Amino acid sequence: MSSLSTTKLSVSIAGKSVCDELDLDLDSGQTLGILGTNGVGKTTLLLTLAGLRSAETGTIKLFGDNIHSLDRRAIAQKLGLLLQHDHDPFPGSVMEATLVGRHPYLKAWQMEGPEDRQRARASLAAVGLADFQQRQLATLSGGERRRLAIATLLTQDPEVMLLDEPTSHLDIHYQIALLNLFRAQSQQHNKSIVLVLHDVNLASHFCDKVLLLYGNGEAEYGNTRDILSAERLHRLYDHPIIAIHGPGPLNNNIFLPDFDPQQ
């Protein structure tokens, strides 16, 4: 059974079509990358897949159930969402923020237990924040806040993770480290991962499937090696792209912008 699927999904925002009758099918253990220019509607699509906004037409299924037939607690136990921007409505510590990830599993007024705290500590360690548990949120840098948000998602431990630009505010070391972490979540723990990315080469290396959003509702979806090409990326970003055969066992192409395109 698919973990996340859509059938003839049409999404629009402010009269602009994001996708038109999109069919996609993501299995457990697979990673999907969503690529497109600024403003094409990648975040809007992600929010729709999470069941937080309505589509124009079509259906979204989470493990075979229409997502709009499920209550939010049931969804949150299976699906987690990382947004682009993190806000701290209340002051608190890093540990307190991380434990928010356990809320879908707690009853009203129930406090987190030792197992919840152990899971939170493990998640903080996984993103390099093991020594930050008592730090106040207001003292964190942008990159540290991003890693904290990812730790909170890991503490939630959903089977499907939707991540909107998870590498923003991160240096190269943490970009690769955290994408390797998500690949391990996918391959070793059978999670389904959806990543909105701006870096084509990260998508090429870390994603099994890609979805290209061209604008005006047009999209292409399929296996990464079948879909990613210099020609398609040129059309996607309206700029000439050069493909270079990459090193390493995966032999993935590396895509670079043509810095001196012929006018």
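A residue is called buried here when its relative accessible area is under 20%. The model is a predicted one.

**Helix α1**

By that criterion, the buried residues of α1 are Lys42, Thr44, Leu45, Leu46, Thr48 and Leu49. Helix α1 spans residues 42–49, and because six of its eight residues are buried, the helix is largely enclosed by the rest of the structure. Just after α1, glycine 51 adopts a positive phi of about 80°.

**The sheet**

Six strands make up an open sheet with mixed pairing, in the order β6-β7-β8-β3-β9-β10. At its edges lie β6 (79–82) and β10, each of which pairs on one side only. From one strand to the next, the twist averages 15°.

| Strands | Direction | Bridges | One partner pair |
|---|---|---|---|
| β3 (residues 31–36) and β9 | parallel | five bridges | glycine 36 and leucine 213 |
| β9 (residues 209–215) and β10 (residues 218–223) | antiparallel | six bridges | leucine 212 and glutamate 220 |

With β10, strand β9 forms a hairpin that has two residues between the strands. In the turn of this hairpin, asparagine 216 has a positive phi of about 55°. As a general point, side chains in a regular strand alternate between the two faces of the sheet.

Helix α5 packs on the sheet, where it touches β6 and β7 (160–164). The direction of α5 makes about 175° with that of β6.

**Helices α4 and α5**

Helix α5 (residues 142–156) also meets helix α4 (residues 114–126): their axes come within 8 Å and cross at roughly 140°. An angle over 145 degrees would count as roughly antiparallel; α4 and α5 are therefore oblique to each other. Their crossing is right-handed.

Which residues form this contact between α4 and α5? On the α4 side they are Arg119, Ala120, Ser123, Leu124 and Ala126, and on the α5 side Leu148, Ala151, Leu154 and Thr155.

Conventions: Residues are numbered from 1 along each chain as its sequence is written. This is a predicted model: local features need pLDDT of at least 70, side-chain atom pairs count only at pLDDT 80 or more; totals for chains, interfaces and linings use all residues. Side-chain values use heavy atoms; hydrogens and water are left out. Axes are lines fitted to C-alpha atoms, for helices over the stretch in contact, and angles run from 0 to 180 degrees between N-to-C directions. Helices (H or I, at least four residues) and strands (E, at least two) are DSSP runs, numbered from the N terminus. Angles under 35 degrees count as roughly parallel, over 145 as roughly antiparallel, 65 to 115 as roughly perpendicular and the rest as oblique. A crossing is left-handed if the near helix is turned anticlockwise from the far one by less than a right angle, and right-handed if clockwise. Contact means heavy atoms within 4.5 Å. Two strands pair if DSSP finds at least two bridges between them. Buried means under 20% relative accessible area, exposed over 50%, partly exposed in between (1.4 Å probe, protein chains only).
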